[in-house]
Amino acid sequence: MRRLLACLAAALPLAAQNPLTLEEVLQSVDRHYPPLLAALQDRTLAAADVLAASSRFDLSVKSAYDSVQGGGYPTDVFKAGVEQALQFQGMSWFAGYQLGTGNFASYEGKLQTDSGGEYKAGLRMPLLRDRPVDARRADLQKALIGRRIADLGVDQQRLLIVQLATRRYYEWVAAGQRYRVAQAVLKVAEERDSQLREAARLGQIPSIDVTDNQRAILTRRGQVIEAQRGLQQAAIELSLFYRDAAGNPAVPEESRLPGSFPAMRAIDEQRLADDIELAMRRRPEIRRFREQRNQVEIDRKLAQNQLLPNVDVVLSFTSQIGERRVRRGPNDVMASLIFDLPAQRRAAKSRDLAALARIEQFDQRERFARDQVAAEVQDAYSALKAAYERARVLREEVEVARQLEVAERVRFELGEGNLFLVNLREQATYETELREVAAVAEFYRALAFYEYAIAEAMSRPRQP
């Protein structure tokens with residue numbers, strides 16, 4: 001057991017050295033990033049709206065008891081019934097029971113029943129208005145679309161968050177690269193210090209070269225401190241997206257820095273047209289306008305429905321049970337035809353006109369959104385291509401700067417140059433390396449925006 005614990009303890013530091021990957025950060029975002037978790041509650045709110053709209057089709061149970069005592073007509077009437085609205089063709093069915101006992105006046109004869117009471121069941125069917133759509137079904141359909149709109153809203157926020165998290169990750173990697181470059185150039189000056197001191201002691205070089213190298217060491221130590229502060233700041237900003245199992249920000253350690261940026265890859269120009277079409281299918285805001293338009297289409301259909309006359313057919317069956325007390329029955333089948341038509345119907349006409357105007361608004365907004373998405377993809381592609389070329393050129397510039405630095409250092413060692421020129425070459429290489437790091441970081445920022453423009457995160461399932 002002790003040997004096992006010792007092995008586990010030895011393995012823990014090694015595990016901590018594993019480089020932090022972008023995939024780990026994005027998984028942490030999906031599981032623990034508070035703004036995304038807050039956005040996910042929009043789905044719950046939309047589901048609640050669907051439940052509320054569905055409640056209009058709940059079974060309705062009603063009952064009543066009326067008792068009249070004293071006077072010439074003491075009576076007792078008990079009623080109970082259920083009613084259920086259906087989603088099919090706007091129909092509804094009902095059923096009930098009624099028991100009426102006592103002495104009823106002639107004008108209230110329908111309240112009296114046989115000794116066992118009266119059972120009734122029937123069906124209501126609209127023939128014109130409310131047949132294709134009614135307020136209940138319209139509210140439910142709009143709530144269902146609202147749930148899809150909420151999903152698209154979450155997708156839109158996730159795209160933005162993933163883009164921001166990706167940029168913060170590569171900014172952290174870039175800060176680490178700058179810190180390592182600053183450490184490397186400092187190490188060169190520090191290692192040279194003892195050699196210069198010995199050479200000055202032997203009289204091979206003037207003592208001012210030792211002083212000049214000491215100045216370079218102090219300057220480069222300041223650069224290391226500045227780079228270290230930049231790395232700490234980038235790590236703290238990344239911790240807002242990279243969190244531990246409890247959901248608390250986890251500042252990544254320096255030991256988890258990747259050794260370098262991932263290899264850059266150029267994007268084929270032939271891919272641009274395909275990616276624009278892909279973005280049109282993926283981008284949530286375009287699909288959201290389409291769903292919002294569908295909601296207004298339902299409003300318009302409902303308004304046009306209200307322009308129709310109300311013609312309903314009601315079929316019912318009534319059965320009397322027990323000792324005969326009433327003349328009707330014992331079994332009756334009844335059919336009713338109900339007609340209703342407001343003369344002017346101005347409210348329905350105004351709703352139809354307003355819905356038509358909103359549909360046109362959403363059409364124009366969707367059109368402009370599609371234009372914006374196409375422009376974003378084109379601009380992101382242009383920025384990505386330029387960043388790739390700039391990073392490639394700077395990589396070549398770094399190689400040339402290093403060659404000049406090595407050559408100047410060899411000249412100095414052979415006594416043909418001076419330390420001042422060596423420091424200039426080293427500083428030039430350092431600054432060129434920093435510009436290369438910035439260029440590569442810009443490439444990955446451009447790549448993050450390009451992937452946002454084509455909604456690449458939509459192809460990556462969210463981590464549960």
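1. Two strands are taken as paired here if DSSP finds at least two bridges between them, and strands of a sheet pair through backbone hydrogen bonds, either parallel or antiparallel. With that in place, the predicted model can be described as holding an open sheet of six strands in the order 1-2-3-4-5-6, with antiparallel pairing. Strand 1 and strand 6 (331-340) stand at the edges, and because each has a single partner strand, one side of each is left without a neighbour in the sheet. From one strand to the next, the twist averages 15 degrees.

2. At one end of that order, strand 1 (residues 60-68) and strand 2 (residues 75-85) are joined by nine bridges in the antiparallel sense, and D66 stands opposite V77 of strand 2. The two strands form a hairpin with six residues between them, and G70, which lies in the turn, has a positive phi of about 85 degrees.

3. Strand 2 also runs antiparallel to strand 3 (residues 92-102), to which eleven bridges join it.

4. P126, which lies in strand 4, deserves a separate look. What does its relative accessibility of 4% make P126, buried or exposed? P126 counts as buried, because 4% falls under the 20% limit for that class. P126 and L337 are 211 residues apart in sequence, yet their C-alpha atoms are 9.8 Å apart in space.

5. Which residues make the nonpolar surface patch of about 340 Å²? The patch is made by L127, L128, L308 and L337. Of these, L128 is found in the loop between strand 4 (117-126) and helix 4 (135-201), and L128 counts as partly exposed because its relative accessibility is 37%, a value that lies between the 20% and 50% limits.

Definitions and conventions
Residues numbered from 1 in each chain as written. Predicted model: local features only at pLDDT ≥ 70, side-chain atom pairs only at ≥ 80, totals over all residues. Heavy atoms only, no water. Patch = residues over 30% accessible without salt bridge, like charges linked within 9 Å, V, L, I, M, F, W, Y side chains within 5 Å. Areas by Shrake-Rupley, 256 points an atom, 1.4 Å probe, with all protein chains shown as cover. Salt bridge = Lys/Arg side-chain N within 4 Å of Asp/Glu carboxyl O. Helix = DSSP H or I, 4+ residues; strand = E, 2+ residues; numbered from the N terminus. Buried < 20%, exposed > 50% of the residue type's maximum accessible area, 1.4 Å probe, protein only. Axes fitted to C-alpha atoms, helices over the stretch in contact; angles between N-to-C directions.
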